[in-house]
Amino acid sequence: MISKPLIFKFALLLAVLVTSYLVFSRPNYPQVVPNMDKIGHLGSFFLLSLLTYLAFRPKWYGVTAILALYALFIELVQSRLPYRSADSADFIADMCGVLLFYCALWLYRRYIRASMINTNK
């Protein structure tokens, strides 16, 4: 039987590979929605935070540090690619994705605790 954490580890690996491909490949799509790049960064790092949490259950500062290093790595590599450019706003969007995940996790835990208290009465 394959455990849930193992499935989430494979999903995390796949998400890192897909994210890396998207941020390092030559963009060949029109940007119809304004700031779609920033939305993509935010969503990607929200998902990476979620999968990292589900796969390893690390402390929040561990996830934040690792994903901050990955975000910096992305921007450094993009600064060297002739068809990409580094942008500090992308890094900020990445970190907002991590923050958004932890806000959602906090709200989820608070809701679950509140519902457990109400059902036990």
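Me: How many salt bridges turn up in a search of the whole structure?

Reply: The search finds three salt bridges, a salt bridge being a side-chain nitrogen of Lys or Arg within 4 Å of a carboxyl oxygen of Asp or Glu. This is a predicted model, in which local features need pLDDT of at least 70 and side-chain atom pairs count only at pLDDT 80 or more, while totals for chains, interfaces and linings use all residues. Residues are numbered from 1 along each chain as its sequence is written, and side-chain values use heavy atoms, with hydrogens and water left out.

Me: Which residues do the salt bridges join into one network?

Reply: Through shared partners, Asp37, Lys38, Asp87 and Asp90 form one network. Lys38 pairs with Asp37 at 3.2 Å between the closest N and O atoms, with Asp87 at 3.0 Å, N to O, and with Asp90 at 2.8 Å between the closest N and O atoms.

Me: Where do Asp90 and Lys38 lie?

Reply: Asp90 is in helix H4 and Lys38 in helix H2, so their pair ties together parts 52 residues apart in sequence; helices here are DSSP runs (H or I, at least four residues), numbered from the N terminus.

Me: And is Asp90 buried or exposed?

Reply: Asp90 counts as buried, at 3% relative accessibility, whereas Lys38 is partly exposed at 23%. Buried means under 20% relative accessible area, exposed over 50%, and partly exposed in between (1.4 Å probe, protein chains only).

Me: Switching to packing, which residues have the most contacts inside the largest nonpolar core?

Reply: They are Phe45, Leu48, Leu67, Ile74, Val98 and Tyr102, in a core of 20 residues. Such a core is a set of buried Ala, Val, Leu, Ile, Met, Phe, Trp, Tyr and Cys residues joined through side-chain atoms within 4.5 Å. Helices H1 (4-24), H2 (36-56), H3 (60-80) and H4 (88-119) each supply at least two of its residues, and the largest share, six residues, comes from H3.

Me: What about rings, how many aromatic pairs are there?

Reply: The structure holds six aromatic pairs, where rings of Phe, Tyr and Trp (its six-membered ring) pair if their centres lie within 6.5 Å, with planes under 30 degrees apart counted as stacked, over 60 as edge-to-face and the rest as tilted. One of them is Phe24 with Phe73, which is edge-to-face because the planes stand at 90 degrees, with the centres 6.0 Å apart.
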